Amino acid sequence: MAGYPADRLSFPDMLDPVLEAPEGDDEALEAAINEVAEALADSGTLIVDALGRPAHGITDEEAVLGLIDTYIRVLLHLGEVEEAAELGEVIERVDRFRRRRERSLSRGRKGDR
């Protein structure tokens, strides 16, 4: 996915790795999240916060969640409610992964003290 042409961005194409990652396979999901986040960076996509300012220090998971959220908004605007609802499940899956990773990292930091 690296090198995806910036003038031809497509939400479904960019999200394919995450959408196709097998359920229950955290390693595949992590690789997919990294691939999508890399494609976002390669394309020069600017991630912004809720106030529209450039976001700094966000994780790959947060970038992917933001992309999915934006895609859902586009789908809803186009009247594609079913497809948008299906992506809600993907958001939940990526968010669960993000929370597990954060807990794991925080436990690791506590052990370093």
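Reader: Which helix gives the most to the lining of the largest pocket?

Author: In this predicted model, the largest pocket holds about 230 Å³ of space. Of the 15 residues that line this pocket, the closest to its centre are Ile47, Val48, Gly66, Leu67 and Thr70. With five residues, the element that gives the most to the lining is helix α3 (residues 60-77).

Reader: How many nonpolar, polar and charged residues does the lining of the largest pocket have?

Author: The lining is sorted here by residue class. Two of its residues are charged and three are polar, while the nonpolar residues number ten.

Reader: What distance separates the end C-alpha atoms of α3, and what should its 18 residues span?

Author: At 1.5 Å a residue, the 18 residues of α3 should span 26 Å. The span in the model agrees with this, because the end C-alpha atoms of α3 are 26 Å apart.

Reader: Which glycine follows α3, and what is its phi?

Author: The glycine that follows α3 is glycine 79. The phi of glycine 79 is positive, near 85 degrees.

Reader: Which element gives the most to the largest nonpolar core?

Author: The largest nonpolar core has 23 residues, of which Val18, Ile68 and Val94 touch the most other members. The elements that give two or more residues to this core are α1 (11-20), α2 (26-43), α3 and α4 (81-111). With eight residues, the element that gives the most is α3.

Reader: Which residues is isoleucine 68 in contact with, leaving aside its neighbours within four places in sequence?

Author: Isoleucine 68 is one of the buried residues of α3, and Ile68 is also among the core members that touch the most others. Leaving aside neighbours within four places in sequence, the contacts of isoleucine 68 are Leu15, Leu87, Val90, Ile91 and Val94.

Reader: Does glutamate 61 count as buried or exposed?

Author: Glutamate 61 is found in helix α3. Residues up to four places away in sequence not counted, glutamate 61 touches Ile33, Val94, Phe97, Arg98 and Arg101. Its relative accessibility is 2%, and buried means under 20%. Glutamate 61 therefore counts as buried.

Note on methods
Residues numbered from 1 in each chain as written. Predicted model: local features only at pLDDT ≥ 70, side-chain atom pairs only at ≥ 80, totals over all residues. Heavy atoms only, no water. 1 Å grid on protein atoms, 1.4 Å probe; cavity = no way out; pocket = protein on both sides within 12 Å on 5 of 7 lines; lining within 4 Å. Points joined across faces, edges and corners; volume = space filled by probe spheres on them. Helix = DSSP H or I, 4+ residues; strand = E, 2+ residues; numbered from the N terminus. Nonpolar A, V, L, I, M, F, W, Y, C, P; charged D, E, K, R; others polar. Expected span 1.5 Å × (residues − 1). Buried < 20%, exposed > 50% of the residue type's maximum accessible area, 1.4 Å probe, protein only. Core = buried A, V, L, I, M, F, W, Y, C linked by side-chain atoms within 4.5 Å. Contact = heavy atoms within 4.5 Å.
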